[in-house]
Amino acid sequence: MSKLLALLLLLTGAFATAQEITVAAAADMSAALPELVASYTKKTGQAVKLSFGSSGNLTNQIRNGAPFDVFFSADQEYPQQLIAEGLASQSKETLYRYAVGRLVLWVPANSPLDLSKLGMRVLLVPSVKKISMANPAHAPYGRAAEAALRHFGIYDQVSSRLVLGEDVSQAAQFVESGNAQAGLIALSHALAPAMKDKGRYWTVPLDAYPTLNQAAVVLSRSKYPDAARRFLDFLRSPEATSLLTTYGFSLPAETK
């Protein structure tokens with residue numbers, strides 16, 4: 001009997017691996033999501049492939065037929081657009097607000113800039129020649145960064161020094177590598193193992209930019225919609241929500 005059970009488990013794992021699902025995810029999830037996937041695959045045997053980018057670019061890829069099963073967006077507007085266009089499931093069970101993202105101002109550890117004293121106005125210091133941020137045209141964190149600069153009344157003064165990344169991960173790379181002296185990036189990147197010991201950050205007040213309500217949805221073209229829904233269900237688990245909070249995400253007050 002034990003041999004039969006072992007065989008069934010082996011076959012189940014092989015079936016899950018054969019049904020590999022592909023998850024398109026906003027760049028701010030590039031540190032947290034691989035950890036979640038590793039845990040999920042270990043528990044279930046389900047293979048999950050990840051593709052990261054800006055939410056806007058991923059949305060356009062989905063419109064152009066990209067074979068994704070699940071989409072994690074840095075805001076809820078893109079998934080809602082896809083639902084309206086018939087490209088994502090309209091079921092309440094498959095549109096899930098999984099987190100609220102946070103924007104921070106990050107500088108390298110050896111920077112003389114006094115973030116705690118100056119906050120956003122540190123960007124007016126003459127030694128700050130380049131400021132990295134995501135492109136507002138297709139990245140929610142870019143729109144949040146622009147809104148924050150306008151909120152503090154300094155956008156016009158610093159606009160010529162902005163260096164735009166394709167997504168918030170690239171914006172983080174620009175400032176981490178020294179190609180920019182400061183960067184407006186995701187808190188999840190500032191807390192990621194690759195960056196947390198390399199710099200300091202100032203958390204931009206929530207009232208300075210539109211709330212980054214992040215949402216995930218199962219896509220209509222998914223070859224494995226049941227497997228996609230099961231992965232989305234995992235994101236609702238205490239284990240998943242706990243890991244997201246360690247990366248600086250907060251949980252929405254209510255989910256849809």
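How many aromatic pairs does the count come to? The count comes to five, where rings of Phe, Tyr and Trp (its six-membered ring) pair if their centres lie within 6.5 Å. This is a predicted model: local features need pLDDT of at least 70, side-chain atom pairs count only at pLDDT 80 or more, and totals for chains, interfaces and linings use all residues. Residues are numbered from 1 along each chain as its sequence is written, and side-chain values use heavy atoms, with hydrogens and water left out.

A pair of aromatic rings is described by the distance of the centres and the angle of the planes. Planes under 30 degrees apart count as stacked, over 60 as edge-to-face and the rest as tilted.

| Pair | Centre to centre | Angle between planes | Class |
|---|---|---|---|
| Y40 and F231 | 5.1 Å | 70° | edge-to-face |
| Y40 and F234 | 5.1 Å | 45° | tilted |

Y40 lies in helix α2 (residues 32-44) and F231 in helix α10 (residues 225-234), so their pair ties together parts that are 191 residues apart in sequence. F234 is also in helix α10, and its pair with Y40 spans 194 residues. Helices (H or I, at least four residues) and strands (E, at least two) are DSSP runs, numbered from the N terminus. Y40 and F231 are both buried, meaning under 20% relative accessible area with a 1.4 Å probe, protein chains only. F234 is buried too. One aromatic cluster takes in Y40, F72, Y98, F231 and F234.

**Charges over rings**

R150 lies over the face of Y155, 3.9 Å from the ring centre. The charged end of R236 sits over the ring of Y96, at 4.3 Å from its centre. The rule asks for NZ of Lys or CZ of Arg within 6 Å of the ring centre and within 35 degrees of the ring normal.

**Helix α2 against helix α11**

Helix α2 also packs with helix α11 (residues 238-246): the axes come within 10 Å and cross at roughly 160°. Axes are lines fitted to C-alpha atoms, for helices over the stretch in contact, and angles run from 0 to 180 degrees between N-to-C directions. The two helices are therefore roughly antiparallel, the class for angles over 145 degrees. On the α2 side, A32, E35, L36, S39 and K43 make the contact (heavy atoms within 4.5 Å).

**Whole chain**

The protein chain has eleven helices and ten strands. Buried residues make up 54% of its 256 residues. Among contacts between residues at least 6 apart in sequence, 77% join residues at least 24 apart.

Key:
Buried < 20%, exposed > 50% of the residue type's maximum accessible area, 1.4 Å probe, protein only. Parallel < 35°, antiparallel > 145°, perpendicular 65-115°, else oblique.
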